[in-house]
Amino acid sequence: MKYKPVKKLNELAATAICGNDISSSCLYVSALAIIYAGQYAWLALLIVAVVLFLFRKIYGEVVGALPLNGGAYNALLNTTNKSTASLAATLTLLSYMATAVISASEAMHYVHSIWHEIPVIIATIVLLAIFMGLTILGIGESSKVAIFIFITHLVSLTLLAGFCGVYLFQNGFDTFFNNYALPVEGGIKQALFFGFAAAMLGISGFESSANFVEEQDTGVFPKTLRNMWIVVSVFNPLMAFLALAIIAIPDVQNNQEALLSFMGGRVGGDWLSTLISVDAALVLSGAVLTSYVGVSGLLERMTLDRILPQFLLKKNSRGSSYRIMIMFFIMCISILMITKGELGALAGVYTISFLLVMTLFGFGNILLKLKRSKLPRPVKASPIAIILAIIAVVMAIIGNAIMNPPYVGVFLEYFLPAFLFVLVMLNRTKILKAILSLIKYLFEPVQKSVRKINFKILRLIEDINSQEFVFFTNDDDVATLNKVMLYISKNEHTKKLKVVTVIEEGKTIPERLKSDIEVLDREYPEIKIEFIELKGTFGPELIKQLSQKWDIPINFMFIGSPGDKFPYRIEQLGGVRLII
């Protein structure tokens, strides 16, 4: 099947796709911050903006050095091992599932508030199905819808802010000063701590751009981070400040679910209230689209790395992995049915998952500095900034756990089964061998009757281990090669490794390389090492040619961390992984 060439996303399209999720936060985070921080909510939201500014460089450095889909999963895969990377991937998946279901349901609740005849649960399923269809059609079609929603949302917020300004000019700031004079329960420090923890929900979606970076045009990714930061830094504190200046804090609490719509009604009348409700439904729908696009990039990368079943990689004529979209849709519907539309519990999954993902991204940056110090990167985050950012997110996790203790239990109920499935996939050959040994032990007297079962298990193990891997090297350091073998034996299912050295004209291979490989071949009898010498120049074209010739996907080809003089960027190599 021939795939249509996929056009890369420009700045507006990429910003819109991930921006709809993070910009929709002002619909609920202003009210949350006011409930926990009272009159200091706007300050708590400004602190969040500062934390997000630190994460701009953290994400920029990691993704700039390793510009491949997968976000935190990709960062940890290239700096640690598959198990640790899969932990980040599972958390990201849970975050996307919760975001999609909650956003779709909330969007339909807004629609229901305007047209009461619409059944919320059925409408939620229809909305999830519509965006599944859009992403199956291709990211280009999805981006057009995302752009329309994003621009409409920004215009609506600007319009609301304008009417609030006129209202304050005519009526003064008495409400704000009255709110400011109210006593603060627990003191300012406690109010800011819990307000900050609640306000950190307003940056969910910031991680999304890193999950589809390969679909973005050159230089677009850091611009999406900048644009999302600007939107959050301007609108979230502004809306909280305007709410405190126009509405008494008790009224904020009474209208928490649709605060901005309530504000619109007060400053502009029913038409503005309705407009904000329609905008809320649209941008929350856009957050559903963000989930689909982000999860597509993540799950496709995980499937390529054989963490998920390979049948998910099937693509349609537009180059979309439609089976991944369908699977994600089914997972979202199952959650909706299990919760019966009562999605309060999912907030715990949503909150803790994405905050943990951001924490892991921070650790991924630290590991990148320690293990991939020579890898070129466009920007560098300072160690102090990374530590402060990680501490801030950990404090937000602690704050949310204190405010909502049941969230932790609900999160574990969803996380543990998901991560258990991933661990089974990572260790499936070991599990199959254990089952085989158990069958032999239990049914030794009747071996003939279970011979077929044994044969099928052995055949399955053989199929799993049949995938060959490649490591490119010119290094004759046996310790380095031993690290490669240790990594592959612990993280990959294979019984054959091609060690390839590419020799340019006039150069020779290191003398000890062949003998070192012979030693390692004896030390690791479960993996057959084949040494191959090639004349030519190492680069993207050679990698592509060898991938096609040997029928080995590029993401099963490894290299050591390149230095500053390496002539190619990692993304130019088509998905080659760094393992030492």
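I take helices as DSSP runs of at least four residues, numbered from the N terminus. I note that the model is predicted.

**Entry 1: helix H17.** I looked up Phe411 and Phe415, which both belong to helix H17 (residues 406-426). They are 4 residues apart, about one turn of the helix. I found both Phe411 and Phe415 buried.

**Entry 2: aromatic pairs.** I recorded 18 aromatic pairs in the structure. One of them joins Tyr350 and Phe354, with 6.0 Å centre to centre and 40° between the planes, a tilted arrangement. Because Tyr350 and Phe354 are 4 residues apart in helix H15 (residues 346-371), about one helical turn separates them. Tyr350 and Phe354 are both buried.

**Entry 3: aromatic cluster.** I listed Tyr40, Phe176, Phe177, Tyr180 and Phe241 as forming one aromatic cluster.

**Entry 4: charges over rings.** I checked Lys498 and found its charged end over the ring of Trp550, 5.0 Å from the ring centre. I also located Arg306 over the face of Phe556, at 5.6 Å from the ring centre.

**Entry 5: cavities.** I counted 3 cavities of 30 Å³ or more. The largest cavity holds about 50 Å³ of space. Which residues line the largest cavity? I noted Ala65, Leu375, Pro376, Tyr568, Arg569 and Ile570.

Methods:
Residues numbered from 1 in each chain as written. Predicted model: local features only at pLDDT ≥ 70, side-chain atom pairs only at ≥ 80, totals over all residues. Heavy atoms only, no water. 1 Å grid on protein atoms, 1.4 Å probe; cavity = no way out; pocket = protein on both sides within 12 Å on 5 of 7 lines; lining within 4 Å. Points joined across faces, edges and corners; volume = space filled by probe spheres on them. Phe/Tyr/Trp six-rings, centres within 6.5 Å; stacked < 30°, edge-to-face > 60°. Helix = DSSP H or I, 4+ residues; strand = E, 2+ residues; numbered from the N terminus. Buried < 20%, exposed > 50% of the residue type's maximum accessible area, 1.4 Å probe, protein only. Lys NZ or Arg CZ within 6 Å of the ring centre and 35° of its normal.
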